[in-house]
Amino acid sequence: MSKILHRSIYAKLPIAVGGRGIELFDADGKAYIDASGGAAVSCIGHGHPDVLAALHAQLDKLAYAHTGFFTTEVAERLADRLVADSPDGIDYVYFVSGGSEAIEAALKMARQYFVERGESRRRHVIARRQSYHGNTLGALAVGGNEWRRAKFKPLLIETHHIAPCYAYRDRSDAESELEYGDRVAYELEAKILELGPHGVIAFVAETVVGATAGAVPPVKGYFRKVREICDRYGVLLILDEVMCGMGRTGTLHAFEQEGIVPDIMSVAKGLGGGYQPIGAVLFGRHIYNAFSSGSGFFQHGHTYMGHPMAAAAALAVQNVIREERLLDNVMRMGELLNRRLRERFDSHNHVGDVRGRGLFRAIEIVAERSNKAPFDPAQKLNAVVKREALARGLMVYPMGGTIDGARGDHVLLAPPFTVNAGQVDTIVERLGDALDAALSKSGS
Ligand code: PLP
């Protein structure tokens with residue numbers, strides 16, 4: 001065999017050579033518990049035989065057909081399944097190859113919806129600070145992270161950012177959760193009025209915020225208010241569930257726990273569970289009807305959309321989730337994970353918050369619990385935690401420091417839905433040890 005020259009930009013990383021269940025193995029034979037599912041992707045773990053069989057079977061039949069000519073049975077079955085399992089109001093599916101592509105398509109879909117209706121002057125998009133929607137130019141523009149956007153600003157569409165719903169940091173002691181939720185939701189109304197009610201296309205938000213702030217769920221009632229405000233001004237609600245969706249919070253879509261339905265939503269990561277790259281935009285009949293009674297088609301497209309191999313993987317992953325009743329396990333193990341995190345960190349000097357839903361959980365690290373002061377981003381504590389966790393055979397997803405605009409460091413956990421009680425205990429034990437080691441190395 002020829003020598004590997006390491007010309008990829010990832011060449012300094014360890015080499016992953018295998019995966020089984022919730023573990024990954026590197027070239028030195030070291031095992032890692034994949035407690036982050038990569039980036040909240042590997043929802044049924046690695047090497048599931050049903051998915052491998054489905055992929056082999058599809059490869060034997062047909063690896064690729066261009067959607068300019070054909071759809072495929074497997075893509076149609078997957079679309080039917082996604083619509084059947086979604087609440088009323090989600091009627092159609094548009095397949096793409098990942099999360100950023102899903103957001104790009106969702107934004108164009110929202111704009112074209114208004115163009116078809118003769119409302120071309122609608123052009124503004126409102127999104128939230130401390131959000132992540134992807135790295136392509138449209139997705140980057142709506143993402144609420146100044147650090148990520150700064151270098152590329154001249155290339156980005158203008159987006160208007162309002163406050164996130166981040167109770168741990170922003171709710172005052174004088175406010176109830178409901179009052180806080182109303183206050184931040186009304187920021188949306190104020191922004192719509194400022195921009196002109198007939199000028200706004202859409203409000204984009206992650207239902208449960210993922211990487212940028214660490215599994216931050218909305219307070220009760222927030223999204224109901226947001227939905228009301230969007231309806232009042234005819235603004236479309238786009239929910240980005242690329243990370244928090246497809247069962248990760250215990251329901252197929254995280255928005256089901258909010259009692260609302262978006263006009264358009266994006267899913268990706270857990271849809272294909274990492275077996276193939278796939279994302280999708282799910283949307284309502286009113287959007288579809290605007291296209292079909294207007295120009296007749298959605299003016300978008302990618303070479304690999306509806307890819308049969310990706311659809312086969314996703315359909316098999318979703319079948320495994322159903323047949324193995326994994327959403328029940330997400331609820332049960334999610335509660336256990338929350339309990340264990342609280343036992344370990346509730347009185348920890350440097351953990352300010354333990355939060356999340358289902359198997360989407362996080363701890364927020366603070367220098368000082370009493371005033372929630374974050375560590376100096378220059379310390380890059382999140383990177384040290386990651387290193388210490390990897391040394392202990394644990395994959396977690398720490399973010400923060402400069403990446404987060406210095407609002408704090410956090411560690412995100414998103415283990416496969418198959419995780420068991422013993423593995424939950426090990427994850428929390430290793431995370432606690434890694435955090436303490438990182439803090440002591442940083443002199444805290
Ligand atoms: N939206 C959210 C909420 C995400 O978390 C991500 C990725 O982490 C994306 C969009 C972008 O997805 P991708 O990396 O597949 O392009």
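**Close-up views of a predicted model**

View 1. The buried residues of H15 pack against strand S3 (31–34), H13, helix H14 (381–391), strand S13 (394–395) and S15. Those buried residues are Val424, Ile427, Val428, Arg430, Leu431, Ala434, Leu435, Ala438 and Leu439. An α-helix has 3.6 residues a turn, so residues three or four places apart point the same way. H15 covers residues 421–441, which is 21 residues. From first C-alpha to last, H15 reaches 30 Å, close to the 30 Å expected at 1.5 Å a residue. Gly443 follows H15 and has a positive phi, near 80 degrees.

**View 2. Helix H9 and its cover.** H9 has 12 residues, 222–233. Its first and last C-alpha atoms lie 17 Å apart, close to the 16 Å expected at 1.5 Å a residue. Buried in H9 are Tyr222, Phe223, Lys225, Val226, Arg227, Ile229 and Cys230. The cover over these buried residues includes helix H8 (177–195), strand S7 (200–206) and strand S8 (236–240). Just after H9 comes Gly234, with a positive phi of about 65 degrees.

**View 3. The shell around the ligand.** Helix H4 (residues 99–116) gives the largest share of the shell, 3 residues. By class, the shell divides into 7 nonpolar, 6 polar and 2 charged residues.

**View 4. Where domain 1 touches domain 2.** The domain assignment gives domain 1 as 16–34 + 325–441 and domain 2 as 53–323. The domain centres, taken over C-alpha atoms, are separated by 26 Å. Across the boundary, 28 residues of domain 1 are in contact with 20 residues of domain 2. On the domain 1 side, the elements giving two or more residues are helix H13 (326–345), strand S11 (351–357), strand S12 (360–365), strand S14 (397–399) and strand S15 (409–413). This side of domain 1 has 13 nonpolar, 7 polar and 8 charged residues.

**View 5. Ala40, a positive phi in a buried residue.** Ala40 is not a glycine, yet its phi is positive, about 60 degrees. The residue lies in helix H1 (residues 37–40). Ala40 counts as buried because 27 C-beta neighbours lie inside 10 Å; the cut-off is 20 or more.

**View 6. Arg325, a positive phi in an exposed residue.** Arg325 is also a residue other than glycine, with a positive phi near 50 degrees. The loop between helix H12 (308–323) and H13 holds Arg325. Arg325 has 10 C-beta neighbours inside 10 Å and therefore counts as exposed; the cut-off is 12 or fewer.

**View 7. The chain as a whole, for orientation.** The secondary structure comes to 15 helices and 15 strands. The C-alpha trace spans about 60 × 60 × 45 Å along its principal axes. For 444 residues, a compact globule would have a radius of gyration near 22 Å, and the chain agrees because its value is 22 Å. Buried residues make up 52% of the 444. Of the contacts with a separation of 6 or more, 73% come from residues 24 or more positions apart.

Methods:
Residues are numbered from 1 along each chain as its sequence is written. This is a predicted model: local features need pLDDT of at least 70, side-chain atom pairs count only at pLDDT 80 or more; totals for chains, interfaces and linings use all residues. Helices (H or I, at least four residues) and strands (E, at least two) are DSSP runs, numbered from the N terminus. The radius of gyration is taken over C-alpha atoms; the globule rule is 2.2 Å times the number of residues to the power 0.38. Two residues are in contact if their C-beta atoms, placed from the backbone, lie within 7 Å. A residue is near a molecule or strand if its C-beta atom, placed from the backbone, lies within 6 Å of it. Ala, Val, Leu, Ile, Met, Phe, Trp, Tyr, Cys and Pro count as nonpolar, Asp, Glu, Lys and Arg as charged, and the others, Gly among them, as polar. The expected span of a helix is 1.5 Å times one less than its number of residues. Domain bounds come from an automatic or database domain assignment.
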